[in-house]
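Dear colleague,

Please find below the structure that I am handing over to you.

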Amino acid sequence: MKKKLIFVIIISFLLYSIVHASQSVQTILHIEIFDDDLINPFIIKAMPEKRVSKLGGNYSSKYILSFYRNDNNLLTGYESVITDNAIGESFVTPLNVNAWRYNVFIKGTSHLSKRKNNILFNNIDPVSLNFSEDEYYLKAGDLNTRTTIEDIPIGDDKVNSLDISVIINNLNIFDYRSDLNMDGIVNSLDLSILITNIDEIGETLQP
Ligand SMILES: [Ca+2]
Ligand SMILES: [Ca+2]
């Protein structure tokens, strides 16, 4: 009788171990599937306004793309991107966002945000996001630092006196964010671009 009881206990322990181990395997598999489900690389285009003309183009800038789930509007992840000088394009290789349907915002380190709604990333249909359709240029002048994402300083998506004080502090030097026309120096030309956009807000702040 005692032997039988010990046998039952051992069998129960073994069964528990097997079930527990298979749950752990499922957890590991789940993480692997999650990684495999990252959205495929895609192309974006965004052109900052009022850049001076340069041989080979002058449209490069730094941006953060933020992905909000289309069904519940929850922020799912960010991807950083630096566009090229020629036409403001970049190939984005996602590291943080899984396949889903999203509303996607682009926010420049010196520019107001724009959005694209209801974009399906299903890793079957190719995706390209052109934030500068119809020669639409991103509005410049958001220079204060509200937060920094992946080493890219990001403002509050408004152009106001906070941004004017940043540009005044950077007059007559080179500063990547304040040099709005990208001619190599911060001066009255950059200030006048900012003044043109005073009180403008980006699309993250619009209904
Ligand atoms: Ca601002
Ligand atoms: Ca300048």
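The notes below cover the sheets, the helices and the nonpolar core in turn.

This is a predicted model, in which local features need pLDDT of at least 70 and side-chain atom pairs count only at pLDDT 80 or more, while totals for chains, interfaces and linings use all residues. Residues are numbered from 1 along each chain as its sequence is written, and chains are lettered from A and ligands numbered from 1 in the order in which they are written.

Some terms first. Helices (H or I, at least four residues) and strands (E, at least two) are DSSP runs, numbered from the N terminus. Two strands count as paired if DSSP finds at least two bridges between them.

One open sheet consists of four strands in the order 4-3-6-7, with antiparallel pairing. Its edge strands are strand 4 (75-82) and strand 7 (114-121), each of which pairs on one side only. From one strand to the next, the twist averages 25 degrees; axes here are lines fitted to C-alpha atoms, for helices over the stretch in contact, and angles run from 0 to 180 degrees between N-to-C directions.

Within this sheet, strand 3 (residues 62-69) is joined to strand 4 by seven bridges, and the two run antiparallel. Tyr63 stands opposite Val81 in strand 4. The hairpin of strand 3 and strand 4 has five residues between the strands, and Asn73 there takes a positive phi near 60 degrees. Six bridges, again in the antiparallel sense, pair strand 6 (residues 100-108) with strand 7, and Phe105 is placed opposite Arg115 in strand 7.

A further open sheet has three strands in the order 5-1-8, and its pairing is mixed. Strand 5 (89-92) and strand 8 (128-130) are the edge strands, each pairing on one side only. The twist in this sheet averages 15 degrees from one strand to the next. Strand 1 (residues 42-45) pairs with strand 5 in the antiparallel sense over four bridges, and Lys45 stands opposite Glu89 in strand 5.

The helices and the loop between them

A residue is called buried if 20 or more other C-beta atoms lie within 10 Å of its own, exposed if 12 or fewer, and partly exposed in between, with C-beta atoms placed from the backbone. In helix 2 (residues 161-169), Asp163, Val166 and Ile167 are buried. They lie on the same side of helix 2 because they cover an arc of only 95 degrees around the axis, the arc being that of the directions from the helix axis to the C-beta atoms. Ser161, Ser165, Ile168 and Asn169, on the other side of helix 2, are exposed. The buried residues of helix 2 pack against helix 3 (188-196).

Ser178 lies in the loop between helix 2 and helix 3. Ser178 is buried, because 24 other C-beta atoms lie within 10 Å. Leaving aside neighbours within four places in sequence, Ser178 is in contact with residues including Val166, Ile167 and Asp190; contact requires C-beta atoms, placed from the backbone, within 7 Å. The C-alpha atoms of Ser178 and Asp190 are separated by 7.1 Å, although the two are twelve residues apart along the chain.

The nonpolar core

A nonpolar core is a set of buried Ala, Val, Leu, Ile, Met, Phe, Trp, Tyr and Cys residues joined through C-beta atoms within 7 Å. The largest has 29 residues, of which Ala46, Leu65, Ile106 and Leu194 touch the most other members. Strand 3, strand 6, helix 2 and helix 3 each supply at least two residues of this core.

With kind regards

Key. Contact = placed C-beta atoms within 7 Å.
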